[in-house]
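Here is a short report on one protein model. Look at the structure first, then read on.

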Amino acid sequence: MSALDGTARRAVVRISAPGGGYDRSGARFWGSGFFIAPGWVLTCAHVVGNGGGDVLRGDTAIDVTDWRDRTTKGRVALALPLPDDPDLPPRRWPLPDLALVEVAGAEDAECLWLSDRSAVVPAPITLYGWSQEMGELAPRFGVGTASGGDGSDGSAMLLRGEIPVAGCSGGPVVDTGRGAVIGLSKGRGQDTAGLAVPVTALRRIANDRPGRDRLHAIIRAHDRHHLRRYQTVGTGGSWTGLQQALRALPADGFTPVLRTHLFARLAELTPPRTPGEVMLLVEEAKRRVIQAPYQPGVEHDPRAWREGVGLLYDLRDGGPAKEPGQAPGRDLELEAVLLYASRVAAAVSRQQQPADAEPLRELGNWLTTHAEPLPDVIREEIDQILHGGAVDGPEDPGPAPQGKVELRKTRRRDVAPGVPDERARADVIVEVDPLLYGSRYPWRVKLLREDGLVTPLCSDEEGVPRHRLHEALREPIAEALRQGDVGEHLAAVHVVLPRELFDEPLDSWRLSPPGAEDDGIDPHTMPLGHRRVVVVRDRRRRDFPAIPEWRRRWSGMARGPLTAVPLRREVPVKGHDGPGRESRHAAYGRLSDVADTAVPVFCGEVATGAGASAMQAALAAGHAVVIWRRCATGHTDCAEFHRQVSRLVCEAETAEGLHRRIRNLRIRCGDPDAPDPEVLWAQSIALLFDSPDSPPLPDTPLHAPGARPGGAP
């Protein structure tokens with residue numbers, strides 16, 4: 001038995017019905033699991049689901065038996081997904097099929113090392129678990145290869161080789177090339193095939209605040225354990241030592257020892273609130289080290305600072321570790337990791353949480369020490385990020401306190417500022433195509449970065465009926481927003497629609513699942529338009545090069561000052577149900593002659609009837625910004641709406657100035673108990689905000705990811 005096998009087996013447990021832990025007949029044996037932190041076992045939900053609702057809800061304790069045949073009580077703290085009826089669990093448990101079991105009195109347990117990176121496949125693996133299929137309840141293992149995705153799209157990992165028999169479900173899948181758990185055994189297929197749940201599926205826990213706090217607490221305990229274990233037994237019996245033995249020579253750079261120390265320090269910090277916070281810092285570190293435009297090939301979903309480090313391995317090609325004895329080039333990995341960790345320290349320090357003060361001092365000292373071997377320019381930049389320094393600041397107002405991580409600029413530096421831009425990482429684009437298959441609308445959700453790069457996240461090319469669009473898009477939009485948000489800087493939502501859907505109540509959509517508790521002011525459950533920018537864009541325009549009028553008017557909107565004009569000439573005086581309706585051609589002629597800074601305004605719907613004809617005329621005339629309201633006909637306050645919106649656009653001055661004002665109106669109108677009577681005219685207000693440049697239209701030259709005209713190849 002290898003050192004890795006022995007260490008892994010000591011962390012694997014068998015899970016049994018209450019009172020079945022000491023029963024070696026296997027009559028009450030359910031499956032396997034493994035310790036990931038002192039007192040915490042990870043397994044599959046379908047394993048503990050054998051106990052029904054009382055077990056899944058944590059009301060009834062289960063038996064957890066370790067490698068020494070010692071049985072303790074455990075309670076299910078979380079199961080994903082929880083069945084609609086826990087007392088009638090499904091025959092085939094859907095992904096992610098994960099459960100966390102809290103085990104009392106297991107503080108001294110051997111814990112496996114969780115991978116800090118998305119699974120790199122194909123990978124050589126070993127699987128561990130318990131089974132009685134061979135006649136006796138005993139430990140089993142198997143070897144093989146893992147392939148497939150990392151679970152971010154909800155997929156399972158595929159296994160090939162000597163796959164263990166029934167009972168090993170919930171046991172660990174260990175990447176033997178890197179010495180890390182990358183999944184959990186889920187089930188056996190035909191012949192030598194099997195399925196596993198990628199360990200990255202644990203990120204699903206962090207989709208709400210309680211889950212995020214729980215995951216952070218477990219990761220903190222995990223990383224503390226491995227540092228303590230390494231400091232106690234050294235390389236002889238720790239995962240750090242096992243990984244060091246697997247590492248290609250020479251034994252310098254970002255070693256497993258450095259990683260263990262760094263992760264324990266990162267775990268003490270306030271965790272990131274969204275994946276976008278981590279990815280923004282990862283991308284900045286990569287751009288700085290590569291010194292060429294960096295474009296990610298795939299979106300990742302990191303939920304902890306340690307996972308950002310995992311995205312900086314194998315910086316040049318994303319391939320596997322170097323072969324033993326292969327000479328490395330410049331250690332870009334170490335440079336990127338220490339730069340990233342410095343930016344994490346700066347980002348956390350800006351939150352000014354008292355509990356972070358001491359961990360930040362320790363991390364700052366550690367980074368300063370280990371940056372010594374790096375090139376001067378990188379070492380100076382790390383020092384600047386940690387201690388300040390500005391090109392336009394005083395020459396030398398005095399040194400910063402020892403190890404202090406702060407953002408005040410205390411010393412002059414010639415390197416670029418280390419504080420990232422105060423912005424969202426990306427906006428979210430929701431594209432809905434015209435009807436393609438009968439009554440079904442295909443859709444896609446993408447990220448739109450500031451540099452114009454568009455990254456697809458999720459799609460359904462067959463589409464859904466109109467009444468199911470909200471249901472189908474709820475979780476994809478929520479996931480995209482998590483990728484785009486950075487701290488208090490929120491991603492905007494651009495919904496690209498066919499014109500017959502312009503009146504959909506997009507700004508009132510909620511992203512919480514049906515039946516979720518709603519207190520009305522929870523930022524994660526309130527209507528989209530009450531917290532962030534939500535705008536409509538025209539789907540038909542995306543298929544053709546931008547007409548000159550569109551580009552000219554978009555530039556005018558950016559300059560201002562704005563004025564308002566009626567979308568339909570007769571409405572402000574006669575109402576949109578009144579006589580003397582303006583024809584489509586007359587509206588086109590009038591709207592073509594108005595100033596580039598004019599915003600067409602309408603007090604009713606624009607997806608059907610005369611409103612749709614007038615909107616068609618405005619779009620043909622090149623208008624990029626239009627304001628209307630989605631309410632049905634029959635109201636009598638058209639003149640009031642036009643008067644109030646005219647004042648609104650004058651106060652906004654430019655198109656960008658509209659966002660905050662319209663959001664405020666939506667909040668004031670949206671109080672279900674007492675809407676503000678002074679702004680009732682703004683109920684269901686909608687905004688077309690349609691740029692011809694972002695993302696680029698067909699008349700804009702395209703370039704390959706990672707390259708820009710005139711830039712480095």
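Two strands pair if DSSP finds at least two bridges between them. Helices (H or I, at least four residues) and strands (E, at least two) are DSSP runs, numbered from the N terminus.

## The model

This is a predicted model: local features need pLDDT of at least 70, side-chain atom pairs count only at pLDDT 80 or more, and totals for chains, interfaces and linings use all residues. Residues are numbered from 1 along each chain as its sequence is written, and side-chain values use heavy atoms, with hydrogens and water left out.

The protein holds 19 helices and 21 strands. It has 713 residues, and 56% of them count as buried. Buried means under 20% relative accessible area, exposed over 50%, and partly exposed in between (1.4 Å probe, protein chains only).

Strands of a sheet pair through backbone hydrogen bonds, either parallel or antiparallel. Here six strands close into a barrel with antiparallel pairing, in the order 7-8-9-12-11-10. From one strand to the next, the twist averages 40 degrees.

Strand 7 (residues 123–131) runs antiparallel to strand 10, joined by three bridges. Thr126 stands opposite Val174 in strand 10. Val174 also has a bridge partner in strand 11, Val181. Four bridges pair strand 10 with strand 11, again in the antiparallel sense. These two strands form a hairpin with four residues between them. Gly179 in the turn has a positive phi of about 70 degrees.

Next comes strand 12 (residues 193–198), antiparallel to strand 11 and joined to it by five bridges. Gly183 has Pro198 in strand 12 as its bridge partner. Strand 11 is largely enclosed by the rest of the structure, because seven of its nine residues are buried.

Helix 5 spans residues 239–246. Which of its residues are buried? They are Trp239, Thr240, Gly241, Leu242 and Gln243. These residues pack against helix 1 (3–9), helix 4 (209–233) and helix 6 (256–266), and also against strand 10 (172–175) and strand 11 (180–188).

## Helices 18 and 19

Helix 18 (residues 638–652) packs with helix 19 (residues 658–669) at an angle of about 140 degrees, their axes 9 Å apart. Axes are lines fitted to C-alpha atoms, for helices over the stretch in contact, and angles run from 0 to 180 degrees between N-to-C directions. Angles under 35 degrees count as roughly parallel, over 145 as roughly antiparallel, 65 to 115 as roughly perpendicular and the rest as oblique. Helix 18 and helix 19 are therefore oblique to each other.

Leu648, Val649, Glu651 and Ala652 in helix 18 meet Leu658, Arg661, Ile662 and Leu665 in helix 19.

Definitions and conventions
Contact means heavy atoms within 4.5 Å.
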